[in-house]
Structure formats: structure tokens, C-alpha cells
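Q: I have a model open and want to go through how it is put together. Can we take it topic by topic?

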Amino acid sequence: MNIIKKISASYLRKSKMQQRCQSNRRPIAPLGSRILTDPTKVFEHNMWDHMQWSQEEEERAREKARENSLMRVQPEDQDKYEREANKYWNEFYKTHKNNFFKDRNWLFLEFPEILPKGRKDQMNKKEKSYHVKLNATNSCTNVGFPGMFEEGKDYCQNNLVDGLTSVRGHAYNKSQAEPVTDNKHVKNYEQEPVKQESFPGSGATYTILEVGCGAGNSAFPILKVICNTPGAFLYCCDFASEAVELVKSHLSYSSAWCSAFVHDVCDDSLSYPFPDEILDVILLVFVLSAIHPDRMQGVVSRLAKLLKPGGMLLFRDYGRYDTSQLRFKKGRCLSENFYVRGDGTRVYFFTEDEVRNMFILAGLVEVQNLVDRRLQVNRKKKVKMQRVWIQGKFQKPFQPPQNSRQ
């Protein structure tokens with residue numbers, strides 16, 4: 001009987017795996033579920049999830065990174081790239097405008113914590129009823145959530161109504177990342193509202209900050225959802241003024257539910273346009289890698305102070321030995337795993353441990369910290385690329401650690 005059960009279970013696993021491999025449905029979070037089980041079908045899709053590297057592949061990647069880092073950029077040029085980082089990113093957005101990156105609609109799949117509880121429940125109900133098509137970069141389109149991604153100010157203004165229960169002060173369960181309202185250490189923000197000050201979003205009950213907003217490829221997918229959520233407000237900043245102007249000039253931008261501002265997160269002397277401990281969510285997606293490694297810890301520690309107890313910092317960035325790291329030519333390496341592109345912008349490639357240590361040192365608790373290995377293919381050119389990203393979720397605890405100093 002046990003043998004029959006084992007055979008049956010094995011058959012079910014294989015049949016499900018084949019179904020997932022050939023499915024056009026939205027991949028299941030975290031990190032998708034399109035598994036390559038038959039190498040002959042590698043060019044049937046643009047992206048395959050959860051790729052496992054052999055020891056040989058890992059060693060080849062390590063050797064390639066070692067080779068392209070042997071010749072370093074001269075110290076005076078390194079100083080220039082650090083000193084003029086703002087100039088290079090401004091030139092980037094002057095050149096590319098909002099045409100370089102695609103909108104990150106996948107954010108809601110991997111980071112449902114972005115949404116207030118009521119909108120999260122709505123999203124889950126829609127997911128059960130509709131399939132979401134994938135585009136070439138494995139992100140979802142809005143066909144799966146009719147009514148939740150309507151364009152334009154009129155939709156938002158017509159649907160802003162009172163009556164949504166405030167979710168300020170909610171915590172997140174470490175394993176589920178679901179609101180936990182019975183924690184005795186949670187401040188009741190509804191009964192003890194933050195003293196009203198004159199700053200953008202001061203009356204909001206659910207606040208999000210996107211750091212490094214660029215041209216708005218994360219901001220506008222978020223706004224299309226939260227503009228229909230009373231009490232929700234989005235802050236977004238970038239130290240490239242050209243990027244912030246692109247966001248502000250967008251048709252969907254309105255100061256009623258968003259505030260975009262120029263800010264250098266590396267400059268501790270600069271204050272944010274809102275007080276500490278008011279944010280429910282901070283989004284840090286493909287931003288930290290552009291900052292000099294010596295400054296990263298200071299940036300993360302400062303951002304942690306902006307979160308209210310129970311707030312979440314959501315992170316995604318380049319992982320060690322990603323294809324883009326291995327493609328750098330000799331002479332582009334600034335320091336260990338830190339490179340400069342041809343346009344003067346810079347990029348670092350992280351490991352899980354580096355990310356974990358940084359956020360824990362900032363006083364946050366690890367909820368998720370994963371290496372996302374995918375195989376991206378160019379079906380026309382028959383080219384395969386091993387992509388590596390790090391994805392993490394870190395929560396601000398309700399009480400400081402026992403041994404921490406006030």
C-alpha cells in the first residue's frame with residue numbers, strides 16, 4: 001500500500017510540474033513557477049523560474065567575475081563617478097525619458113504588502129477569477145484585474161469615498177506577512193493619531209515610500225490601485241531631478257494621492273518631507289545597487305527610522321553573478337562586485353548574506369530573503385542568459401531589541 005501511495009504521489013507531482021511548465025497563466029509567487037523540465041523546450045518561453053546551477057556553472061561564473069575585475073578603474077575616475085553620480089543619472093533620464101524600463105506590474109504578485117489590507121483582499125479575489133497574461137519580461141498585464149488598474153484622474157476622483165477602516169499600526173506575521181492587530185506592543189494609531197503637521201499626506205492612514213522612483217515604473221502601477229483606496233498616500237523620491245519631473249508631468253500624477261520629490265538618500269543632512277515612523281511600506285527596488293557600497297548601510301539605517309513599528313521594507317536588486325555582471329569588460333570594475341556602466345551609472349551585485357546583514361544591522365527583522373535565479377532567453381537569437389536577483393522583506397519590530405541602546 002505504501003508503494004502504491006508513493007508511486008501515485010510521484011505521478012501527481014510530475015503531472016503538475018508538466019502542467020506548470022507549459023502553462024501561460026501568471027506564475028505563483030514567490031518567484032514564479034514556470035519550471036524547465038525539458039531542456040528541448042527552453043525556447044518556448046522567454047523566462048524560466050527557479051533555475052538550479054551546477055557546481056561547474058557556479059565556478060565558471062565566479063572565474064568570469066574574477067577576470068573582469070582584475071583591472072580596476074583609476075582612483076581619480078572612481079572619485080569622479082561618485083562625485084558626479086547625480087549628473088550621470090540626470091543624463092540617463094534626459095536621454096531615455098520614460099521609455100527605458102517597463103512598468104513593474106509584477107510588484108503586487110511578489111510584494112502584496114504594498115497594498116492596504118482591504119485592497120489586498122480585493123486583489124486576492126480577482127486573482128481567483130481571472131488569469132493574468134505574461135509579457136516578455138515575465139510581468140503581468142492588467143487584464144487579470146479589471147477595474148483595479150483604470151487609467152486617469154477622473155476614475156480616481158470619482159471613486160474616492162469615505163468609510164475604509166484605517167490599517168495604521170498593523171503588524172506583520174513573520175511567516176505570513178499578514179496584519180496582526182492583537183500585538184500588545186503595537187501603537188493604536190487610530191485612537192492616538194499622529195499630531196497633524198503641515199506636510200504632504202499628513203492626513204493619510206496608509207503611507208508608502210518608493211526610493212529611487214525613476215520615471216515612475218513602480219509608482220504608477222501602485223497609484224492605479226491606491227488612488228481608489230481612501231487614506232492611502234504614496235511618496236516617491238529620486239536624486240535625479242529629471243526623473244522626478246517625468247513623474248510629476250505624467251497624466252496620472254496628482255498631489256491628492258502622491259508626492260514626488262528630489263532627495264539624495266546618501267546625504268544624512270537632508271530631511272524628508274514627513275516625520276519619522278509614519279511609513280507602512282518602503283519600496284527599495286533596483287536602487288541600493290547604484291549606491292557606493294561604503295554608503296549602503298547608512299542609507300538602509302536611515303530608511304529604517306522612517307518605518308512605523310510593524311512597517312515593511314521591500315527589497316529587490318541584482319544578485320551575485322547575474323549575466324549583467326559577467327558581461328562587463330575589463331577596466332569597468334570599481335571595487336569588488338561594483339562596476340561602472342558605459343553611461344557612468346554604477347551597479348553592485350549582492351549576496352543573500354550581505355543583504356541580510358545590512359538590514360538586520362539597521363534593526364529590521366528578516367521576513368523573506370531569497371535568491372531568484374531565472375533563465376531568460378532570446379527566442380529569436382537563441383540566446384540564453386542566467387539572471388540572478390535578490391528579493392527580501394524586512395520588518396521593523398514593535399519593540400527595540402533588549403540589548404539595544406535608546
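Q: Which residues touch the most other members of the largest nonpolar core?
A: L209, F274, L288 and L303, out of the 42 residues in that core. A nonpolar core here is a set of buried Ala, Val, Leu, Ile, Met, Phe, Trp, Tyr and Cys residues joined through side-chain atoms within 4.5 Å. Buried means under 20% relative accessible area, exposed over 50%, and partly exposed in between, with a 1.4 Å probe and protein chains only.

Q: What should I know about the source and the numbering?
A: This is a predicted model, where local features need pLDDT of at least 70 and side-chain atom pairs count only at pLDDT 80 or more, while totals for chains, interfaces and linings use all residues. Residues are numbered from 1 along each chain as its sequence is written, and side-chain values use heavy atoms, with hydrogens and water left out.

Q: What does L288 touch?
A: Leaving out residues up to four places away in sequence, L288 touches M296, V299, V300, F315, D317, F350 and M358. Contact means heavy atoms within 4.5 Å.

Q: How many residues are in the second, separate core?
A: That one has 31 residues, including I222, L234, V247 and L314.

Q: M358 came up. Which residues of helix 12 are buried?
A: V355, M358 and F359 are buried in helix 12. They sit on the same side of helix 12 because they cover an arc of only 90° around the axis, the arc being that of the directions from the helix axis to the C-beta atoms.

Q: What covers them?
A: The cover for the buried residues of helix 12 includes strand 7, helix 10, strand 8, strand 12 and strand 13.

Q: And what follows helix 12?
A: G363, which has a positive phi near 95°.

Q: New topic, strand 13. How many of its residues are buried?
A: In strand 13 (residues 383-395), 10 of the 13 residues are buried.

Q: How many bridges join strand 12 to strand 13?
A: 13 bridges, with strand 12 (residues 365-378) running antiparallel to strand 13. Two strands count as paired if DSSP finds at least two bridges between them. Q368 stands opposite K393, and N369 stands opposite G392. Their hairpin has 4 residues between the strands, and K382 there takes a positive phi near 60°.

Q: How is strand 8 joined to strand 13?
A: Strand 8 (residues 307-318) is antiparallel to strand 13, with 7 bridges. F315 has G392 as its bridge partner.

Q: How many bridges pair strand 1 with strand 12?
A: Strand 1 (residues 47-48) pairs with strand 12 over 2 bridges, in the antiparallel sense. M47 stands opposite Q376.

Q: Last one. What is the strand order in the open sheet of 3 strands?
A: The order is 9-10-11, with antiparallel pairing. Strand 9 (333-335) and strand 11 (346-348) are the edge strands, each pairing on one side only. Strand 10 (residues 338-340) and strand 11 are joined by 3 bridges, and F338 stands opposite Y348.
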